[in-house]
Amino acid sequence: MLQELSRRFELFDSVEVDEVAEKSSKILYPNRVFTVGRPDYFRVSHRAVALRSVSFHLLRYRGVARVDFGRLDHFFLVAIPLRGQVLVRVGERQVHANREVAAVVSPGASLSMTPSGACAVFIVKIRRHVLEGYSACREYAPTAGSLLFEPGMAVTNGPARQWWEIVRCLAEGLDRDDSLLRNPVVVKPAENLLMAALLQAQPNNHARALEPPGDHSATFIREVVDKLETAPEVPRSVVELADQAGVSLRTLQERFRRHLKTSPSRYLTDIRLRRAREDLLSAGPGSRATVTDIAQRYDFSHLSRFSHLYRDRFGETPSDTRSRAHRDHGD
């Protein structure tokens, strides 16, 4: 069983309702806290540690009647009590969460938690655009609508148990002074493992699209996709990709159109744009990386062309994204 995050990750420990609501809203997600009848019994602490687009939170509640988060927009959350029980309302659905059952909350759904006495709740927070982007680049068929998970997840057996073991391993690893998870080279694959396991472990409306097609072409398409996803910054031509896959250029292009509804070059461009966006969003006020630096990092040699493609893809300029990231840094 996962031990509680260590005290060095503690962000606050308070007996003041207004302080708890204010600080927790900034760290996790905007919320309102309702207390039970005894003000002297109220106490909430919040510990947190992050990878890059995934963060782990431990909230200990005492004297709390309910926590309302409202509608989630930009994150997926998975909440599992380490101690006690919590009634979690996800939209119109209810999950009786405990050490064996987690609540999975998708963007667009409202969230409220009603603890049953004192409890400690572990929360995995994943940025929406990162998880949806990761899913999209691994889907073999078109999907309708945003990614939505079933709200209840039993973590004591099957694939869900293995996903929970991955979470525990990463959270405990971050508590080490010599943790490899502090190395940027390791962080992205670690997050990809967590997201891939969640997509496979928990029923969702994109699950069928994530299943490879029956013909043998799925194998080399997956190999090409994994190569592009692993190192999108490497300059590549479509001819080189076909040679490396051991197929003709025409076959590669036809299989991409059949399975992914796009061309290899457009697929690579989209990955690079999404990675550039991730870097822009994660660039805090202290970052020295400019828009030009990030564009060139992903082989966009012409800034004007990069800005045009970026605006068409995301509806805003790269500079707009970077400015917003500076304002929202730490949310």
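This is a predicted model: local features need pLDDT of at least 70, side-chain atom pairs count only at pLDDT 80 or more; totals for chains, interfaces and linings use all residues.
Val-17 belongs to helix α1, which spans residues 17–27, and, once its neighbours within four places in sequence are set aside, Val-17 is in contact with Val-33, Thr-35 and Phe-42. Gln-94 comes 77 residues away from Val-17 along the chain, and the C-alpha atoms of the two are separated by 26 Å.

**The nonpolar cores**

The largest nonpolar core is made of 42 residues, and within this core Phe-56, Phe-122 and Trp-163 have the most contacts. At least two residues of this core come from each of several elements, namely the strands β4 (54–62), β6 (75–90), β8 (101–105) and β9 (110–127) and the helices α2 (128–136), α3 (158–173) and α4 (184–201). Among the contributors to this core, α4 gives the most, with eight residues. Another core, of 30 residues, lies apart from the largest one, and its members include Tyr-61, Leu-72, Ala-109 and Ile-123. In soluble globular proteins, nonpolar side chains tend to be buried together.

**Strands β6 and β7**

Strand β6 runs antiparallel to strand β7 (residues 93–97), and five bridges join the two. Across this pairing, Val-88 stands opposite Val-95 in β7. The two strands form a hairpin with two residues between them, and in the turn Gly-91 has a positive phi of about 60°.

**Aromatic rings and charges**

Over the whole structure, a search finds eight aromatic pairs. A pair of aromatic rings is described by the distance of the centres and the angle of the planes, and two of the pairs are set out below.

| Ring pair | Centre to centre | Angle between planes | Arrangement |
|---|---|---|---|
| Phe-76 and Phe-149 | 5.7 Å | 85° | edge-to-face |
| Phe-306 and Tyr-310 | 5.7 Å | 55° | tilted |

Phe-76 lies in strand β6 while Phe-149 lies in the loop between α2 and β10 (152–154), so their pair ties together parts that are 73 residues apart in sequence. Phe-76 and Phe-149 are both buried.

An α-helix has 3.6 residues a turn, so residues three or four places apart point the same way. Phe-306 counts as buried because its relative accessibility is 0%, under the 20% limit, and Tyr-310 likewise counts as buried at 0%. Ring pairs also link Phe-306 and Tyr-310 with Phe-300 and Phe-314 into a cluster.

Two rings have a charged side chain over them: the charged end of Arg-66 sits over the ring of Phe-34, 4.3 Å from its centre, and Lys-125 lies over the face of Phe-75, at 4.0 Å from the ring centre.

**Helix α6**

In helix α6 (residues 238–245), which residues are buried? They are Leu-241, Ala-242 and Ala-245, and, seen down the axis of α6, its buried residues fall within an arc of 100°, so they line one face of the helix. Gly-246 follows α6 and has a positive phi, near 75°.

Methods:
Residues are numbered from 1 along each chain as its sequence is written. Side-chain values use heavy atoms; hydrogens and water are left out. Helices (H or I, at least four residues) and strands (E, at least two) are DSSP runs, numbered from the N terminus. Contact means heavy atoms within 4.5 Å. Buried means under 20% relative accessible area, exposed over 50%, partly exposed in between (1.4 Å probe, protein chains only). The arc is that of the directions from the helix axis to the C-beta atoms. A nonpolar core is a set of buried Ala, Val, Leu, Ile, Met, Phe, Trp, Tyr and Cys residues joined through side-chain atoms within 4.5 Å. Rings of Phe, Tyr and Trp (its six-membered ring) pair if their centres lie within 6.5 Å; planes under 30 degrees apart count as stacked, over 60 as edge-to-face and the rest as tilted. A charge sits over a ring if NZ of Lys or CZ of Arg is within 6 Å of the ring centre and within 35 degrees of the ring normal. Two strands pair if DSSP finds at least two bridges between them.
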